[in-house]
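Colleague: I have a few questions on this model. Please show me the structure, then let us go through it.

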Amino acid sequence: MLELCSISKTLGQFSVSNLSAEISDGEYFVLLGPSGAGKSVLVDIIAGLMKPDKGRVLWNGRDVTCEKPESRGFAVVYQDYALFPHLTVRHNIIYGPKAVGISLKERDTRLTSLAEMLGIEHLLSRRPETLSGGEQQRVALARALIIQPKLLLLDEPLSALDINTRLKLRKDLKRISQQLNISVLHVTHDTEEAMVLADRIGVMLQGTIRQSESPIDLFRRPSDPEIAAFLGMKNILPITRYQEGICLVCRKHIYASSANRSSAYMWIKPEEIVISKNAFDSSARNQFKCKVMEIERLNSVLSVRLVSDELPLTALITYESFSALQIQVGAEAYATFKSSAVHCF
Amino acid sequence: MKAIHPYKIPWFEVIVSALGSLVILFIVAPLINMVLAASFADITQAARDVEVVQSVKLTITAAFCATVVSAFAGIPLAYLLARKNFPGRSLVLAIIDLPIIIPHSAAGIALLTVIGRQSFLGRTLGTGLTGTAAGISIAMAFVSLPYLVNGARQAFVSVPKRLENVARTLGASPSYTFFTISLPLARRGIIGGMILMWARGISEFGAVIIIAYHPMTTPVMVFQRFNDFGLSYARSVAVLLLMICVGLFAVLRFVSNVKSENQTNA
């Protein structure tokens with residue numbers, strides 16, 4: 001088990017402050033945070049490539065803060081692959097075992113099984129610069145796994161890849177980590193990547209882990225609006241008062257089936273807000289007369305920003321609905337949503 | 001009829017190219033002039049002259065030994081300067097450049113105080129290193145070491161630190177990492193630095209003449225023949241040395257480039 005105890009480090013514009021976390025054996029832990037949050041600094045500290053200003057790194061209770069990187073057994077895979085350009089794929093992969101004097105036979109056995117697992121058998125005699133990004137990252141992964149690391153550190157391993165390669169490698173990462181039952185610390189800024197891969201997600205904002213939770217619990221109960229916003233939640237609103245299923249939010253009463261006395265914030269999925277020109281009767285409990293403030297084109301939908309007195313709402317509508325409705329900025333419209341569309345935390 | 005795209009003279013390019021050509025001409029013209037002025041017969045005669053041949057051999061070997069011996073300590077120093085930040089680093093960098101700045105005759109005098117007959121070393125050994133091939137090598141090393149250290153340092157700087165870091169996390173010790181990652185990747189720049197040091201050693205005159213008038217290195221011989229016999233005698237020796245060196249370095253550059261290409265493309 002890896003334990004990080006109150007780690008602090010300042011390095012230029014990046015800083016990690018008083019960060020604590022634990023990664024259990026066999027756990028896939030994703031450290032999720034925006035770029036510049038100090039995630040890579042943390043990876044280097046765990047790998048032993050950098051010393052923290054304060055705090056300790058423990059492995060199974062033993063303090064390894066001052067231990068050299070080569071004696072820790074934590075392998076790192078970086079976003080830019082960092083393959084050795086002067087070595088073939090084969091020699092890149094067996095670099096670690098060769099460095100510590102593992103027998104030729106054992107090296108070959110491990111190489112064969114990993115190359116097969118990652119589908120790179122046909123690349124072994126190639127040079128890194130002749131490989132595609134996805135292939136290079138598979139080689140980097142094989143090179144890290146061949147030393148049978150106690151902990152695998154992945155620093156934005158999929159960020160430099162195109163979307164299709166990324167999705168494929170993401171699946172492979174999940175499969176391999178389960179197959180080998182290895183502890184993984186995976187650093188990323190991609191929420192979806194974190195959701196798919198993680199047993200547990202640690203959200204890192206401003207140099208510290210603000211919340212560690214299973215993906216489902218994290219999305220169900222983000223601990224504050226900043227985390228909720230980073231997770232991609234929209235229409236995050238503070239609840240001023242709660243009474244019997246009704247919340248007072250921005251001086252409006254909103255029906256929320258998931259609300260309780262301890263709820264401090266709510267968020268409403270923009271897709272679940274219906275926009276209409278006129279009021280209509282329906283089973284939806286919440287309907288507000290609004291003014292259209294802004295209309296923004298996104299990939300496949302339009303984002304419509306509305307305000308009902310002090311209550312701001314953002315809704316997503318399709319291009320078809322938009323042309324049928326013919327709403328314009330400054331016009332009046334009604335926003336309708338069910339009480340079950342309101343998620344409280 | 002007006003041209004649709006009137007041709008404009010690219011003045012900036014013209015001026016830059018003209019100035020550049022002047023520089024090249026300034027370097028090449030005297031050398032070509034010297035080569036052209038020496039007759040083939042003179043050069044072959046110089047090449048048959050035992051004294052000349054011995055001095056060329058001495059010059060090339062002494063500079064080669066200076067380079068190889070210096071490389072053993074110079075390359076680790078270059079690595080240290082490329083990778084580590086330590087107090088006094090800029091002072092060390094300045095010290096390395098010192099031999100380039102000071103007059104080479106002064107460098108020779110300075111060396112005399114360390115390896116001459118009257119020096120501590122000289123008195124301990126009963127004789128100094130003046131007038132010996134070893135002394136010549138030391139003089140050459142002193143004035144040409146900056147080229148090796150600076151070249152190698154640049155080469156190590158251009159090796160991504162991340163590759164060394166990855167090697168360490170894979171279990172490699174610092175020395176294993178140095179020999180398997182840093183050194184092979186910096187190889188081209190290091191060889192470039194060594195060739196430059198060797199070349200600078202061969203051409204050294206000021207420091208060498210103070211340490212050893214005899215045995216005579218070729219630059220000293222050119223000077224001596226010019227003084228004693230005049231221009232044409234000195235010229236043929238100079239041209240011979242020039243030809244040998246240019247040939248040698250062209251081959252070396254070619255070989256090291258081909259090797260590096262093979263290493264990255266194979």
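Colleague: Which helices of chain A each supply at least two residues of the lining of the largest cavity?
Modeller: This is a predicted model, so every value here is computed from predicted coordinates. The lining of the largest cavity includes Leu141(A), Leu145(A), Leu173(A), Ile176(A) and Ser177(A). Two helices of chain A each supply at least two residues of that lining: H6 (133-145) and H7 (163-180).

Colleague: Which helix gives the most to the lining of the largest cavity?
Modeller: Tyr28(A), Leu152(A), Ile182(A) and Val184(A) are also among the lining residues. The helix that gives the most supplies 3 residues, and it is H7(A).

Colleague: How many residues of the lining of the largest cavity are nonpolar?
Modeller: Ser177(A) is one of the lining residues, and serine counts as polar. The lining has 1 polar residue and no charged ones. The nonpolar count is 8.

Colleague: How much space lies in the largest cavity?
Modeller: A search of the whole structure, with a cut-off of 30 Å³ or more, finds 1 cavity. The space in the largest cavity is about 40 Å³.

Colleague: How much space lies in the largest pocket?
Modeller: Rolling a probe the size of a water molecule over the atoms shows where empty space is left. For the largest pocket, that space is about 360 Å³.

Colleague: Which residues that line the largest pocket are the closest to its centre?
Modeller: The lining of the largest pocket has 19 residues. Helices H3 (50-83), H4 (89-101) and H7 (133-157) of chain B each supply at least two of the lining residues. The closest to the centre are Ser70(B), Ala141(B), Phe142(B), Leu145(B) and Val149(B).

Colleague: How many charged residues are in the lining of the largest pocket?
Modeller: By class, 16 of the lining residues are nonpolar. Another 3 are polar. The number of charged residues is none.

Colleague: What should helix H5 of chain A span, at 1.5 Å a residue?
Modeller: H5 covers residues 104-118 of chain A, which is 15 residues. The expected span is 1.5 Å times one less than the number of residues.

Colleague: Why do the buried residues of H5(A) line one face of the helix?
Modeller: An α-helix has 3.6 residues a turn, so residues three or four places apart point the same way. The buried residues of H5(A) are Arg107(A), Arg110(A), Leu111(A), Leu114(A), Ala115(A), Met117(A) and Leu118(A). They line one face because, seen down the axis, they fall within an arc of 155 degrees.

Colleague: Which exposed residues does the face of H5(A) turned away from its buried side carry?
Modeller: Helices H3 (89-93), H4 (95-99), H6 and H7 of chain A are among the elements covering the buried residues of H5(A). The face turned away from the buried side carries the exposed residues Lys105(A), Thr112(A) and Glu116(A).

Colleague: Which residue follows H5(A)?
Modeller: The residue after H5(A) has a positive phi, near 65 degrees. That residue is Gly119(A).

Colleague: What is the relative accessible area of Ser6(A)?
Modeller: Most residues other than glycine have a negative phi, and most peptide bonds are trans. Ser6(A), in strand E1 (residues 2-11) of chain A, has a positive phi of about 45 degrees. Ser6(A) is partly exposed, with a relative accessible area of 34%.

Colleague: Is Gln148(A) buried or exposed?
Modeller: Gln148(A) sits in the loop between H6 and strand E7 (151-155) of chain A. Its phi is positive, near 50 degrees. Exposed means over 50% relative accessible area. Gln148(A) is at 53%, so it counts as exposed.

Colleague: Where is Pro215(B) found?
Modeller: His214(B) and Pro215(B) are joined by a cis peptide bond, with omega about -15 degrees. Pro215(B) is found in the loop between helix H10 (206-211) and helix H11 (218-229) of chain B.

Definitions and conventions:
Residues are numbered from 1 along each chain as its sequence is written. Chains are lettered from A and ligands numbered from 1 in the order in which they are written. This is a predicted model: local features need pLDDT of at least 70, side-chain atom pairs count only at pLDDT 80 or more; totals for chains, interfaces and linings use all residues. Side-chain values use heavy atoms; hydrogens and water are left out. On a 1 Å grid over the protein atoms alone, a cavity is a set of points where a 1.4 Å probe fits but cannot get out, and a pocket is an open set with protein on both sides within 12 Å along at least five of seven lines; lining residues have an atom within 4 Å of a point. Grid points are joined across faces, edges and corners, and a volume is the space filled by probe spheres set on the points. Helices (H or I, at least four residues) and strands (E, at least two) are DSSP runs, numbered from the N terminus. Buried means under 20% relative accessible area, exposed over 50%, partly exposed in between (1.4 Å probe, protein chains only). The arc is that of the directions from the helix axis to the C-beta atoms. Contact means heavy atoms within 4.5 Å.
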